[in-house]
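Reader: I would like a close look at a single part of this structure, followed by its setting in the rest of the chain. Please keep it plain.

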Amino acid sequence: MKHLKNKYMQRAIELAERGRGRTSPNPLVGAVIVKNDAIVGEGYHAGAGESHAEINAINHATEILDDATLYVTLEPCCSYGRTPPCTRAIISSKIKKVIVGLIDPNLKVCGKGIDELKKAQIEVEVGVDEKEITKQNEVYIKYISTKMPFVLTKSAISFDGKITSKDGRPMWITGKESREHVHLLRDRNDAIMVGIGTVIADDPMLTVRLGQKETKNPLRVIVDSNAKLSLDSKIVKTAGEVPTLLAVTENAPGKKTKALINKKVEVLVLPNESNGVNLKSLFTELGEREITSVILEGGARLISSALRENLVDKMIFFIAPKVIGGDSSLNFIDDKEISFDFNFEKCRLIGGDLLVEIYPKRTN
């Protein structure tokens with residue numbers, strides 16, 4: 001019986017993954033309905049404002065659901081939001097049993113959905129594949145628990161940790177497959193953040209280029225204390241097409257910020273610190289805008305600042321099989337005083353490079 005529970009919940013987890021990058025600020029949720037040891041309905045949450053996984057599974061059911069069992073990765077909601085509560089639909093469907101992977105940490109739900117189902121005489125079991133579902137929804141759990149976005153750093157580095165050529169100039173460090181994967185990461189996150197140094201050096205677009213119709217561009221966030229962003233940069237030229245936020249301090253010249261605003265760049269003035277923009281204030285502001293995940297793509301100063309302030313939740317490295325060396329080449333962090341421990345999560349080959357995922361250990 002345990003094997004069957006895991007089998008059906010694993011299918012629900014697979015379905016939930018189809019919503020990756022589209023459900024924010026909601027979680028990834030999948031649902032499977034089983035009757036007489038056969039799947040009779042499936043569904044997943046495809047996007048905020050759209051039907052939840054349980055509703056989709058019920059609506060796509062091929063049989064009457066009396067005596068059926070619903071497997072759902074996250075506790076069914078019991079309150080009105082953008083959509084009606086799922087618990088009422090489950091009760092009305094005559095489903096006999098609900099197996100829940102993870103209790104929803106959202107205080108509006110958090111056990112209340114389960115209690116409502118039990119009061120309706122529906123048998124409820126909780127905790128199947130809970131660890132895997134927690135990992136799948138790490139972004140949602142961080143956001144709903146703290147109202148702060150999940151922060152992921154991305155670094156393309158040589159084997160000796162360099163991000164530029166030997167003489168300090170920008171260069172492609174990793175191969176084509178790694179660069180394509182970066183675009184997939186952008187597509188799956190709400191915002192992408194870089195420092196002004198990266199923009200000046202590379203003049204990037206910071207958009208998603210995967211050659212697929214259903215991709216989306218994240219909010220572009222540029223950390224630029226003194227509003228040095230050039231009006232002729234690619235980012236400014238495309239600000240009318242791709243949402244762009246420039247985070248500055250009170251030191252930014254008013255004339256320049258007005259010119260940027262006229263070019264469709266949103267300017268956010270934040271407290272000034274010795275290192276520039278107060279990153280915690282910036283992430284707090286993004287959280288208030290329902291930005292649940294941010295990918296930091298550099299440069300070294302920005303990533304170093306985020307690590308110093310314990311704002312990084314996860315780090316991804318694309319490590320090229322090369323040693324660059326040289327005294328003028330830049331490291332992926334620029335602060336020699338930074339030290340931190342971490343846990344390895346994943347390591348695999350991607351093209352000719354090595355993809356490594358780690359979780360920094362919190363120091364507070």
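Which residues of α12 are buried?

Author: This is a predicted model, in which local features need pLDDT of at least 70 and side-chain atom pairs count only at pLDDT 80 or more, while totals for chains, interfaces and linings use all residues. Residues are numbered from 1 along each chain as its sequence is written, and side-chain values use heavy atoms, with hydrogens and water left out.

In α12, the buried residues are Ala300, Leu302, Ile303, Ser304, Ser305, Ala306 and Leu307. Buried means under 20% relative accessible area, exposed means over 50%, and partly exposed lies in between (1.4 Å probe, protein chains only). The helix spans residues 300-308 and is mostly covered, with seven of its nine residues buried. Helices (H or I, at least four residues) and strands (E, at least two) are DSSP runs, numbered from the N terminus.

The cover comes from several elements. The buried residues of α12 pack against the strands β6 (150-157), β7 (191-195), β8 (219-223), β13 (293-298) and β14 (314-319), and against helix α11 (279-288). After α12 comes asparagine 310, which has a positive phi, near 55°.

Arginine 289 pairs with glutamate 266, with 2.7 Å between the closest N and O atoms. This pair links distant parts of the chain, with arginine 289 in the loop between α11 and β13 and glutamate 266 in strand β10 (residues 266-269), 23 residues apart. Both partners are partly exposed: arginine 289 has 31% relative accessibility, and glutamate 266 has 36%. A further network, made by salt bridges that share partners, joins Lys135, Glu138, Lys314, Glu345 and Glu357. A salt bridge here is a side-chain nitrogen of Lys or Arg within 4 Å of a carboxyl oxygen of Asp or Glu. The whole structure has 18 of them.

Another of these pairs joins lysine 97 and glutamate 125, whose closest N and O atoms are 3.5 Å apart. Lysine 97 belongs to strand β4 (residues 97-102) and glutamate 125 to strand β5 (residues 123-126), so the pair ties together parts 28 residues apart in sequence. Lysine 97 is buried at 15% relative accessible area, whereas glutamate 125 is partly exposed at 22%.

Lysine 142 is 151 residues from serine 293 along the chain, yet their C-alpha atoms are 9.2 Å apart in space. Lysine 142 sits in helix α6 (residues 138-146) and is buried, with a relative accessible area of 18%. Apart from neighbours within four places in sequence, lysine 142 is in contact (heavy atoms within 4.5 Å) with Lys147, Met148, Pro149, Phe150, Asp313 and Arg362.

The chain as a whole has 12 helices and 16 strands. Its radius of gyration is 23 Å, close to the 21 Å that the globule rule gives for 364 residues, so the chain is as compact as a globular protein of that length. The radius is taken over C-alpha atoms, and the rule is 2.2 Å times the number of residues to the power 0.38. Buried residues make up 52% of the 364 residues. Among contacts between residues at least 6 apart in sequence, 71% join residues at least 24 apart.
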